[in-house]
2 protein chains.
Amino acid sequence: MNGNMMAYQLTLTSMLAHTRRLYPDVEIVSRLSDKSLRRHTYRQFFDRTRRLAAALDKAGLRRGDRVATLMWNSHAHLEAYFGVPGVGGVLHTLNLRLHPSELTYIIHHAEDRFLLIDESLLPIYDQLSRDVHFERVWVISPSGKAPVPFEDYEEWLGAADSDFGFPALAEDEAASLCYTSGTTGKPKGVLYSHRALVLHAMAMALPDQLHYSRHDVVLPAINLFHANAMGMAHAATLVGAKQVFPGPYLQGEPLLDLMEKERVTIAGGVPTVWLSVLESLDRHPNRWKLMPELRVQVGGSAAPESMIRRLDRYGIRVIQVWGMTETSPLCTISTLKNGMEDLPESKRIEIRARQGLPEPFVDLRAVSDDGEVPWDGVTLGELQVRSPWVAAQYYKFPAAQDRWTDDGWLRTGDVVNIDAEGYIKIADRTKDLIKSGGEWISSVDVENALVAHPDVREAAVIAVPHPKWQERPFAVVVLKDGFRTTPETLHDFLAQKFAKWQLPDAIVFVSELPHTSTGKLLKSELRKQYQNWTWT
Amino acid sequence: MNGNMMAYQLTLTSMLAHTRRLYPDVEIVSRLSDKSLRRHTYRQFFDRTRRLAAALDKAGLRRGDRVATLMWNSHAHLEAYFGVPGVGGVLHTLNLRLHPSELTYIIHHAEDRFLLIDESLLPIYDQLSRDVHFERVWVISPSGKAPVPFEDYEEWLGAADSDFGFPALAEDEAASLCYTSGTTGKPKGVLYSHRALVLHAMAMALPDQLHYSRHDVVLPAINLFHANAMGMAHAATLVGAKQVFPGPYLQGEPLLDLMEKERVTIAGGVPTVWLSVLESLDRHPNRWKLMPELRVQVGGSAAPESMIRRLDRYGIRVIQVWGMTETSPLCTISTLKNGMEDLPESKRIEIRARQGLPEPFVDLRAVSDDGEVPWDGVTLGELQVRSPWVAAQYYKFPAAQDRWTDDGWLRTGDVVNIDAEGYIKIADRTKDLIKSGGEWISSVDVENALVAHPDVREAAVIAVPHPKWQERPFAVVVLKDGFRTTPETLHDFLAQKFAKWQLPDAIVFVSELPHTSTGKLLKSELRKQYQNWTWT
């Protein structure tokens, strides 16, 4: 027997209309590529978004059609975030850092009909235009006039119906599409529903999660084309918070300038962004007056304890999160439980350096060859998750269905331990884990130890096949300019921290390591290179 | 085209399992009817709830079967809140204050199969038992042994399967049932789905709404049988907050004792409960040391400004909410917007005395004969709402379908104005509103003015048919013992505040006013009594 409640749908449009009515004068501030600031209110944002929806409708957009964006973080990208799904289309955020051949593949696979693009990114379009065809291309130009032969976004919006009524949508309908830039295999698309994005925003906004409020000022220093920018724009819109978009300027100084000027209370991004912020703060410790209790949500990769401590000293509180494109993305958030504020600092930092507790309506488990591992803070297993905002399959990619277990959990590919309180700690990617004689060795742990050596700039530790142990750890190291050390010295340095069997059996020096377009270490490349290594 | 996300269901069981895993040692404290305190942890609560589900399953409960409760607020009632829906049953909370004939009607209409009852309430059961039949009756006894011939709840749980697995449920399935005790017509049932209760809990827990956190200690001083107790137990369970149940002891002193002892941070109840708390505080201003920033959510009827001010002085912050049985119940919550904390106190109190802003995913409008009224803080209209947690119909009562508009909104029956910021203010019930010569007069406003006179104890203002004006206001007044005044004096007193056409055309004195079983003024009775009044 079903309840007798209204079949009210959880859609982005409903979220937007609510915020328009209650917070019409709250601001959305954008830094454009010419460095000027543009200010809109939610009232204007709503009107512009409605015009975008009307214009797309008039352009012949049908329910479920894909509209691609090649854009930095700006008010216009936010308009696409709500306007495209609002009219029943699917927002396809293209990662502008990908190689043109990858973009071409993705655009073809997604069958994108239209493109919205920042004027400053037209050189990327030029590289693509021979191989892909969009029916129409609209250009967002800070000068207010797109170059010939492109259509100007502002002109197009200006001509659109200002009284357009958003269509009624079902919450399970697709709202947006994002491709994972995996280090192996073809990029795969994740097709988010309105329901997933709405529930994701509600859950992350809760007081014990990331605590989003209409009193906040939210700055996504993570690109909107990266896995929904950690949900920041959706959650800020849900609660009616002021939003600040930094455009392409994610370096320390311009970010600090913007955070001070606009009184930002929540920012978010990958660790490298905050390292850049730290460098600027260290250089000019008294230059910026930031909001007290400024919080930064850090995801993408783990924030080291040292970074958390250093930001603490400037009154900036790191909150780690974990997620991936397949999971909308947030699944875990590292805030302290009741009573933990009274723990000694070292213990608190240790907990905060974990990737956190599962949010409500996220089920997680860590699974090893022996089944589900205990919550003991030690035993490693692959993290598997279930949630209303976790994908059940890739978009048109049935061959990758082994990414899900038979009982319906997503295999994340991340290896974790879970402590007794439920906080997860990412140890490695499954494919980077080294399986030596039945024991697992975390490549990340050994890499972190190597870069702690004063002579080392960067290090990668990979598994190389071994006749006796199946696999053994193998270290590839880049030294800092002008520094010299020997493999033996590094070996002895590591031996202070690791058991003998965990130490790399070989350490080689190179001048550079391979990276993906998004800056991640390309270990698959290294594995290929050293697969036939002859152990001595 | 639908998104590719998991069809993960929003159920009470999922909420419960999450809290069990993350907050096993957080407490649930109950005051039993013998005044002793019982303490459980969420771990124990989960185990007991699972046993309850197993025992109901063994008793032959089928999906959708109704299980009635006649219980005060206690751990056992919370177990029923989750255990009954957890096994696919429908929790039917009976209002123990209703007349036995009403209870009989409701139990028959709901077709309840089983009953869970507090031992102290067996006298009510005795009054019903001739007219209703439950297949089995389980008695919760503080002494640990139910009187013959009843089955003992603890014994029954003790014998149940401790490893029972909750069944997979769909979120649209019915979870609970509550009847409205309207002042007119038959009681009508509202059948809540898991989805509605989950979304209701998530929305109310948000930072700008009621801000429920695992750091909170939550005390529902509103009965769990009243419209889901304003969602307090669900939201507290969602976030893993400590819960404190006061049993039948909702008077000022025992409540204050419990709030101090258990360090309560959020309490909730109807205004009369807080008036009783205020009286105790005024008598013994230094006796209790309450938590700083103790918040109380006040619903059921409006909290007068004076009450908000008086509680402020004791550091207790009133947050008004509005809702009804048909709406799960919360739809609006009166917290201040950004910047309003800087307004002068009188202005802040005026806003806080409104019933608040709509929560996310609550659409509201006020409709008069001329259509939707503007948000001007003056114009009155009937409040109409839509939300995933608002009923679309009554349980087995198609005759009442005119309660919903043709376009699917619930007619709340409350008359409100909405100010420019979106805060609603309840002016009246539609049926209590007086329509004089095309203008509306709020009976509540005139009543409030009358009771502000030092001689007046209670007052009711009703509409009485009038040959020329259709209806005119008519006041029925109870004077305080020993006080004497004249209708003319009261008329002049009112004339200082109201326009001439808003003044009652007659003021009569009586010794007592009629009330419903829940203490609400029974105006339908008065209207009947004075319907043939001859105007002079």
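Helices (H or I, at least four residues) and strands (E, at least two) are DSSP runs, numbered from the N terminus. By that numbering, P329(A) sits in the loop between β14 (316-323) and β15 (330-333) of chain A. The model is predicted. Chains A and B are superposed by a rotation of 179°, and 50 residues of chain A are in contact with 50 residues of chain B.

**Relation of the two chains**

- Chain A is superposed on chain B by a rotation of 179° with 0.0 Å of shift along its axis, and the RMSD is 0.2 Å.
- This is the relation of a two-fold axis.
- The copies meet through the same surface, because 100% of the interface residues of chain A are also interface residues in chain B.

**Interface**

- The contact involves 50 residues of chain A and 50 residues of chain B.
- On the side of chain A that touches chain B, the elements giving two or more residues are α1 (12-22), β8 (174-180), β9 (188-193), α7 (194-205) and α8 (232-239) of chain A.
- Of these, α1(A) supplies the largest share, five residues.
- By class, this side of chain A has 29 nonpolar, 14 polar and seven charged residues.

**Domains of chain A**

- The domain assignment gives domain 1 (9-26 + 37-193) and domain 2 (433-529) in chain A.
- Between the C-alpha centres of domain 1 and domain 2 of chain A the distance is 42 Å.

**Cis peptide bonds**

- V148(A) and P149(A) are joined by a cis peptide bond, with omega near 5°.
- P149(A) belongs to the loop between β6 (136-140) and β7 (151-152) of chain A.
- A cis peptide bond also runs from S328(A) to P329(A), with omega near 10°.
- The loop that holds P329(A) lies between β14 (316-323) and β15 (330-333) of chain A.

- K35(A) is not a glycine, yet its phi is positive, at about 75°.
- The loop between β1 (27-31) and β2 (37-41) of chain A contains K35(A).
- K35(A) counts as exposed because it has 11 C-beta neighbours inside 10 Å, and the cut-off for exposed is 12 or fewer.
- R263(A), also not a glycine, has a positive phi of about 60°.
- R263(A) lies in the loop between α9 (252-261) and β12 (266-269) of chain A.
- With 14 other C-beta atoms within 10 Å, R263(A) is partly exposed; a residue counts as buried from 20 or more.

Methods: Residues numbered from 1 in each chain as written. Chains lettered and ligands numbered in written order. Predicted model: local features only at pLDDT ≥ 70, side-chain atom pairs only at ≥ 80, totals over all residues. Least-squares fit on C-alpha atoms with pLDDT ≥ 70 in both. Contact = placed C-beta atoms within 7 Å. Nonpolar A, V, L, I, M, F, W, Y, C, P; charged D, E, K, R; others polar. Domains from an automatic or database assignment.
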